[in-house]
Amino acid sequence: MTDAPSKLTTVAKAAAVNPLKSSQPLGAALAFLGVDNAMPLFHGTQGCTSFALVLIGRHYKEVIPIQTTAMDEVSTILGGADHLEEALLNLKKRTNPSLIGVCTTALVETRGEDFAGDLKLIAERRGDVLAGTEIVLAHTPDFAGSIEEGWAKAVTAIIEGVVPQGAPARVAPERINILPGSHLTVADLEAIRDTVEAFGLEPTILPDISGSLDGKVAERWVPTANGGTAVEDIRTMGGAVHTIAIGEHMRGPAEVLKARTGVPYTLFDTLTGLVATDRFVALLAEISGRPVPARVRRARAQLEDALLDGHFHFGGKRVAIAAEPDLLYAMARFFAGLGAEVACAVSSTGSSPILEAVPAAEVVVGDLDDFETRAEGCDLLVTHSHGRQASERLNIPLMRVGFPIFDRLGAQHRHTALYEGTRDLVFEVANIVQAHHVPPTPAELDPFRDHGDTHVGRPQTAAH
């Protein structure tokens, strides 16, 4: 592992051959789905919404509540303010959500409409009808960014639209805010909540998809997000004693929350790995003033044992990773810390400063075609389900991470963070390596065989 900054290379292409990234509005919609009784609203055509619905539905295997303003040819030319107002009024009448998250798309952003002005005029005209519903706006054109950027913009919009400006009258010493990144799973958020509560602290997680996308069978059908962070809890985030942001792309929302309320924050670039989790646990102990609970220490001891058991399968392995920037960094640190070499690193976007810290000689900003080209000769591919064809063509096993994972069940319940998540990742990788291990042939085990380094290009029989 090297601490030198990685070389960032952007591939010049007219179009993505085999796309790696998903769009910004999709990331924003996922974040809005982490607010209880919320409804994401795509301001664009029905086609823009369909792609996001298909991908989220295939990943979570759930019915996803997302609506659209259904822009048509006429509104595309004359402006979509009327469609936006009609959609807001219909959603209020039919579902009465606590929050509507407006996600712009490439169509309306390219036209250059004044969305904030439109929403202000709608609020002035229809304020009595829309009362009781928070309406927040996230600028998320499809032609820029990816899931991480869309997620972060949505969280920022929620903070700016819901959290009051100014220091609160009372700060609760047991309350902390958690701003998780988009790369964390439902199971990760549940583990983070359990760990924080083990220290006697009360976390407000924004957004909290562990309450809405956890794959439960509801007692009744709910047309909006069923679970997640309550709007009332978001309003009181200024009364927390500290904020913990996870992932570089959550630095912006943490800064906005600090600027509005004065709540200090600590940023963790990853919570995967022994050292990172130790830092997290130490911070919780400092904030709470309590010792580390016995079950947390037990989980750490289990991870230590897993590292001892599994490290034989990592040493010298060449790994190729393609993911969003923060997930790429977390996985690369995980593999490099166990003795593997990150021989190929491909990022969906190049705007994140965390890419310079990825432990690889070069980070390529490209697509899965660039990934497949550079991954030849590696021992393991690490990316989402769209990498399965590259795995078949290269005959290299695939470890599925990130979004979307649609050809395996239970992706949302997979642990990747803290002691438990790191332990599970160690076992998963070790089992993949063992399942694809090719034992050496008798000829390869012959200590007197010719290695070809003395008679290049000429077959030779070893002398016995």
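How many salt bridges are counted between domain 1 and domain 2? The count is zero, where a salt bridge is a side-chain nitrogen of Lys or Arg within 4 Å of a carboxyl oxygen of Asp or Glu.

This is a predicted model, in which local features need pLDDT of at least 70 and side-chain atom pairs count only at pLDDT 80 or more, while totals for chains, interfaces and linings use all residues. Residues are numbered from 1 along each chain as its sequence is written, and side-chain values use heavy atoms, with hydrogens and water left out.

**View 1. The interface of domain 1 and domain 2.** Domain 1 (7-16 + 306-436) and domain 2 (24-144) are taken from the domain assignment, which is automatic or from a database. Between them they bury about 770 Å², 66% of it on carbon and sulfur atoms; buried area is the accessible area (1.4 Å probe) that two parts lose on being put together, summed over both. In domain 1, F403, F406 and Q412 lose the most area to domain 2, together 67% of what that side buries.

**View 2. An open sheet of four strands, in the order 7-6-8-9 with parallel pairing.** Strands (E, at least two residues) are DSSP runs numbered from the N terminus, and two of them pair if DSSP finds at least two bridges between them. Strand 7 (202-205) and strand 9 (265-268) stand at the edges with a single partner strand each, so one side of each is left without a neighbour in the sheet.

**View 3. The pairing of strand 8 with strand 9.** Four bridges join strand 8 (residues 242-246) to strand 9, the two running parallel, and L267 in strand 9 is the bridge partner of A245.
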